[in-house]
Amino acid sequence: MTQIELGINRDRQPDRNFDKGGRSFYFFDLDENVFSLSTPTYIFHKETKHEIKLLAGELAKNFSDIGKRGDFKDYQIIDDDVVGSFRRFRDYKDKKGVQPFIEDLQDAIKKIDHSWKGPSWACFYHAAFNDRPVSLITARGHAPDTIKEGIELFVRDGHLPKSPNYLSVFPVSHPEVQKELSKGSVLSVSELKLHAVIRSVELAMQTYGENPHHRFGMSDDDPKNLEMIFEAMLTLKKRYPDNSFFVIRTGETDFVKEEVFLDHTEKHSLKIAPQLSLF
């Protein structure tokens, strides 16, 4: 098995405030952040129900046109976990065969150029290598155990040195996870992510004890999600004013890290290379 990340020569690093009992908690969005998969989505003709397969990224690119204008004006998104637009982002209900998430990850890691690695991959590796508590907060609707099973493929193939130290796994489109986070309300994916961030910090305090030296940060690439993540971090800063909270906007060439304070944020642009000390 090949050691992809050359962890053999890497020294383990203690948490930033380890000497004060603090831990650094890493929260990650998955798609286009930790990794990039070829998971397709589907849109359907409003009358004939003809199906068009959109490759990864195409839905976001054309989202505002679907059902309104252009080539996709007569098409629509169907929200059905079995036959709908996002079925590859959900588990097969009969649990027969390999789940779509596992299939897509297996296909991705076969690529010898490692083009599947997203902008937060090195930070994800760093968190696993150094046993940082990790939360995965994704729009996908797979079961949490399916997400963990997929991450184990990276361990099996040597891309990760060990399994992450999971604090929480919130695939917010999964029915049971939605139920837990929404408490009966109808919420968007971004709003569900807000509640997942808050719940993950609550779990951190319950699991590791409340300590003013704990630090929390989440990376995401989607503007709508980031808006809600900022709101979550501000809510948490009001609740835990002595702790540090960060939001990391990820891109292809750099990171923008913002620390959230009660009355302002402080922004720092980072290149990909030094991202390991984000929080």
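In this predicted model, the largest nonpolar core has 30 residues, and the members that touch the most others are Phe-27, Ile-137, Phe-170, Val-197, Phe-216, Met-233 and Leu-236. At least two residues of this core come from each of β1, β6, α5 (175-182), α6 (189-208), β7 (215-220), α7 (223-239) and β8 (244-250). The element that gives the most is α6, with 9 residues.

**Core packing**

- Not counting residues up to four places away in sequence, Val-197 touches Phe-27, Ile-137, Met-218, Ile-229, Ala-232, Met-233 and Leu-236.
- Another core, of 28 residues, lies apart from the one described above, and Val-34, Phe-35, Ala-108 and Phe-154 are among its members.

- Strand β5 (residues 133-138) is largely enclosed by the rest of the structure, because 6 of its 6 residues are buried.
- In a regular strand, the side chains alternate between the two faces of the sheet.
- In β5, Pro-133, Ser-135 and Ile-137 point one way while Val-134, Leu-136 and Thr-138 point the other way, and all of these residues are buried.
- Strand β1 (residues 24-28) runs parallel to β5 and is joined to it by 3 bridges, with Phe-28 standing opposite Leu-136 of β5.
- Strand β6 (residues 165-171) also runs parallel to β5, to which it is joined by 6 bridges, and here Leu-136 stands opposite Val-169 of β6.
- Together with helix α4 (residues 144-156), the strands β5 and β6 make a β-α-β unit that is right-handed.

**The surroundings of Tyr-92**

- Tyr-92 is found in the loop between β4 (75-76) and α2 (100-108), and it counts as partly exposed because its relative accessibility is 33%, which falls between the 20% limit for buried and the 50% limit for exposed residues.
- The side chain of Tyr-92 makes a polar contact, at 3.3 Å, with the side chain of Arg-88.
- When its neighbours within four places in sequence are left aside, Tyr-92 is in contact with Val-98, Gln-99, Pro-100 and Glu-103.
- Asp-81 is 11 residues from Tyr-92 in sequence, and the C-alpha to C-alpha distance between Tyr-92 and Asp-81 is 8.5 Å.

Terms used: Residues numbered from 1 in each chain as written. Predicted model: local features only at pLDDT ≥ 70, side-chain atom pairs only at ≥ 80, totals over all residues. Heavy atoms only, no water. Helix = DSSP H or I, 4+ residues; strand = E, 2+ residues; numbered from the N terminus. Buried < 20%, exposed > 50% of the residue type's maximum accessible area, 1.4 Å probe, protein only. Contact = heavy atoms within 4.5 Å. Polar contact = N/O pair within 3.5 Å; in protein donor to acceptor, adjacent residues only side chain to side chain. Pairing = 2+ DSSP bridges. Right-handed = clockwise from strand over helix to strand, strands pointing away. Core = buried A, V, L, I, M, F, W, Y, C linked by side-chain atoms within 4.5 Å.
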